[in-house]
Amino acid sequence: MNSIQKERKRRFIKSRRRISILLIVILITGQFFTLNKALAENASVSPAVSAADGWENYDYFNFAEALQKSIYFYDAEKCGPGVSGGRLEWRGDCHTGDSKIPFADTSLSSDFIKKYNNLLDPDGDGAVDVHGGFHDAGDHVRFGLPQSYAAGTLGWGFYEFRDAFKESGQEKHMIEILRHFTDTFLRCSFLDEQGNLIAFCYMVGEGDLDHSYWGPPELYPESIPRPADFATAETPGSDVCASVAAALALSYLNFKDSDPQYAQRCLAVAKAQYDFAKKYRGLATGDGYYTSDYDEDELSWAAVWLYACTGNMDYIREIDSVSSDGMYTGYIKRIIPDNYNTNTWNNSWVHCWDAVWGGVFLELNALFPEDERFDFIARWNVEYLSGGAAKHKDPDDNNYIKASPAGYTMINGWGSARYNAAAQLSALVYMKYHPERTDFGDWAKSQMEYLMGRNPMGYSYIVGYGYEQGLPFAKHPHHRAAHGSKTLSMNDPVEHRHILWGALVGGPDASDYHKDETTEYAYNEVAVDYNAAFVGACAALYKYYGEGQQSIPNFPHEEAKTDDYYCEARVERETESSSQIVLRLHNESSQPPHYETGMKVRYFFNISELLQWDQSINDVELSIAYDEQVSLQDLPVTYKGPVKWDDAGTYYYEFDWSGRKIYGDRELQFILTAKQDPSYMTHWDPTNDWSRKNVTDTYAVTNNVPVYMDEVLAFGEEAPKLDSPIPPIDDPGTAPASIQVLYRCGTMDSAENTIRSAINIKNTGTVPVNLSDIKVRYWFTNDGSGQNVFICEYAAFGTEKVTGNLFSMDNPVTGADTYCEIAFTNDAGKLAPGGSTAAIPFRIESISAYDQTNDYSFDSTMSSEFGDNNKITAYVKDDHKYGIEPYNQFIPDETDGSGNVRADDNGDKTVNAIDPALKYTILTQ
């Protein structure tokens, strides 16, 4: 399986999608290849590219800026403790549990653990400390090969072009990143007393399970395991260990002058890793991700750098040793059979996470410039990848990769930009040692300019490049931390919460097409191996072509500050005796995101309306209607209260999420219910409640429900402390009364001498109404009965406080010659705004039978539940407030000639010309 196949296999597992793979196997000049890094066209068919207007004229190229920002991508990828307070405000500590991974969650055998327990677990807690490192891509696994490749290639670029890092002001930052890699490799390397490697942890995390979570690493679910995979004599990982040896050897070279003691430690472990890889050959598994075909390239990569560190030619001989019959016995036998016939190789692939031959021969050429083999292999590879922009020395050799229509070298369609950047670095390293090959540098520059924005899509493939100039760039990298979803969805939010500064996205395909969408990982994934060669290429281009260019001052830019903690509220339901309120508490922290465990809110309310009726706080009850914590199978919210706030009737309930890990939002519904007074009346009035102000039936942020963090007010305002109860609005002259009468028809009496009904009077206004000011009229025909008697069957505040008088009408109308006027005594109480009397069933009796079917107020269809019957009328202080009097019945033949019906609107019991013409609609006053 070659590198292209392995890349697609990894992505297949990652996406769980079936991908059709096209491989073009290239046989060069009849040679036999065991390793063939073949050109692959993009697996998907891209749409026709609609080129951006004037893309050829794009001219913003700042290699200093690109270098500066490219390093910041690694700050976004950091894992473990020590991330908080770093260079990116939106990244924080994560996966700190990697410092104590139980032996049961490792690949180590019980026999191995028993044998080396003192080395693996010096503190005896039954766990290993392998924290640190970098997340692989937009996920959170620490994979072995891409991480060690990234460390080695970053170190290589720094080693070759350190002066460019220094001159552009990036040396310190780069050293921070390299040491974070190196510190992790040292921590994860377990050596015996003789300095021999016994185990190396090359991978932490479980790919399939990890990829099921789309959210920031700081909020990584504890339920997702973080197993640790080790290379040991029992389970070798010679490819990864050799790759780590190369990275550590480069760290020795990069740190030997500034920190010689640290550098010596790096070199010692590099040698141990290399010796272990030679002795225990076998490939790391990586759970099926980033698996390799063989280890000879990584062993060569380590050997060449160990030679650079030590000058020991044994390392070189292990690469190119030859038997007595001229057959290669060193590592390059994997690609070149012998030194007398086919003593060369046309490398058509590129330096990458699984095939580092390109880097091997470039460094061999730098160390041994007189060796024509090394020069040819290193040079031919770059010439081939240039697509002919840099010509082969042999004029008859026309074997070049095919460039895109816009001249872009697209080596592989999955993450094409990383391969292109690696080819750039290769060209620039070769030019460093062969300065006459300026065509190499010119080609690399043209490719970087393409990535910077001079391409048919019209934007940069470097996230955040050109931001300060307002230039477009890819804004939707496939990256969980930068996206910042709180719903575990790639599509929410639509725009990323954070700019993933300097990340090189996957890039375009062979048609120069690119899709800037978070879900498009083939086009928009980012990874530690993507940026590795890109950083070095930026440094080299700054060195050779960046004279006068400047990095961005005061970088990175601070993000806009927002309220991390707040509360939303809405009204679910409100009655005359209760308020059902829904609160939604928010922890929207994003700089960095983190759980909170000390969150509380207070809901303030006032009971002045109860106090004036000689009620107290003891007449208020709280009940929880819904607690999202319970739905999440977590600890329910606790509450305390009611707590007295002032002497004016203000109290609060405190809802407490302390001890619960809160991020995002939590919903809570509760009901405040007021008991009835001794007269069975309710007086609940939410309009004077501090926390109820401006709350509607739609969620909105409210400052009147304050949020507390660890007992400290974090958002909102507490209720003001009042000196005296809030006076009620009790003057109908300033606020007109408004009432409604609900009706329910009673059962028919078998003797037909009884009218049974029930009413429920509601205060629909904003002021209290005295019941003694209310009168209700039920209109009917007495059917010749000379005696009618009213009886109130029940009233919550007492039947003795309900009266009923019957009156004959001087001007009978159809359906009514009599009405029953229901009234209330002076001590019946008041109806608070929103309050009601509840059901008041009554009956009217006679010695003779009633025919209710022709009664004006009778409605047999309303026998099961209360409803609106506007043929019952109601009055407040004799002012008609509800219903239509029978005098105002519509009379179809009394019209104004235009289809408008006249009615007795002026109350003179006669429909005539002085009454205004009205549409045939209801006439509620």
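Me: Why is the crossing in which α2 passes α18 called left-handed?

Reply: In this predicted model, α2 passes α18 in a left-handed crossing. The term applies because the near helix is turned anticlockwise from the far one by less than a right angle.

Me: What makes α2 roughly antiparallel to α18?

Reply: The axes of helix α2 (residues 63-77) and helix α18 (residues 528-545) cross at roughly 155° and come within 8 Å. An angle over 145 degrees counts as roughly antiparallel, and therefore α2 is roughly antiparallel to α18.

Me: Which residues of α2 and α18 make the contact?

Reply: On α2 they are F63, A64, A66, L67, S70, I71, F73, Y74 and E77. On α18 they are V528, N531, A532, F534, V535, C538, A539, L541, Y542 and Y545. By class, this contact comprises 16 nonpolar, two polar and one charged residues.

Me: How do you know whether S70 counts as buried or exposed?

Reply: S70, which is found in helix α2, has a relative accessibility of 0%. The limit for buried is under 20%, so S70 counts as buried. Residues up to four places away in sequence aside, S70 touches G502, N531, F534 and V535.

Me: Why is the aromatic pair of Y408 and Y450 called stacked?

Reply: The rings of Y408 and Y450 lie 4.5 Å apart, centre to centre, with 15° between the planes. Centres within 6.5 Å make a pair, and planes under 30 degrees apart count as stacked; the pair of Y408 and Y450 is therefore a stacked one. The structure holds 58 aromatic pairs.

Me: What does the pair of Y408 and Y450 tie together?

Reply: Y408 lies in the loop between α13 (372-385) and α14 (416-433), whereas Y450 lies in helix α15 (residues 438-452), so the pair ties together parts that are 42 residues apart in sequence. Both Y408 and Y450 are buried.

Me: Which residues form one aromatic cluster?

Reply: Y603, F605, Y639, Y651, Y653, F655 and F670 form one such cluster.

Me: Why does D105 count as partly exposed?

Reply: D105 is found in the loop between β1 (101-102) and α3 (110-120). Its relative accessibility is 38%. Buried requires under 20% and exposed over 50%; the value for D105 lies in between, so this residue counts as partly exposed.

Me: How many residues apart in sequence are D105 and P227?

Reply: D105 and P227 are 122 residues apart in sequence, but 4.8 Å apart in space, C-alpha to C-alpha. Neighbours within four places in sequence aside, D105 is in contact with P227 and A228.

How values were computed
Residues numbered from 1 in each chain as written. Predicted model: local features only at pLDDT ≥ 70, side-chain atom pairs only at ≥ 80, totals over all residues. Heavy atoms only, no water. Axes fitted to C-alpha atoms, helices over the stretch in contact; angles between N-to-C directions. Helix = DSSP H or I, 4+ residues; strand = E, 2+ residues; numbered from the N terminus. Parallel < 35°, antiparallel > 145°, perpendicular 65-115°, else oblique. Contact = heavy atoms within 4.5 Å. Nonpolar A, V, L, I, M, F, W, Y, C, P; charged D, E, K, R; others polar. Phe/Tyr/Trp six-rings, centres within 6.5 Å; stacked < 30°, edge-to-face > 60°. Buried < 20%, exposed > 50% of the residue type's maximum accessible area, 1.4 Å probe, protein only.
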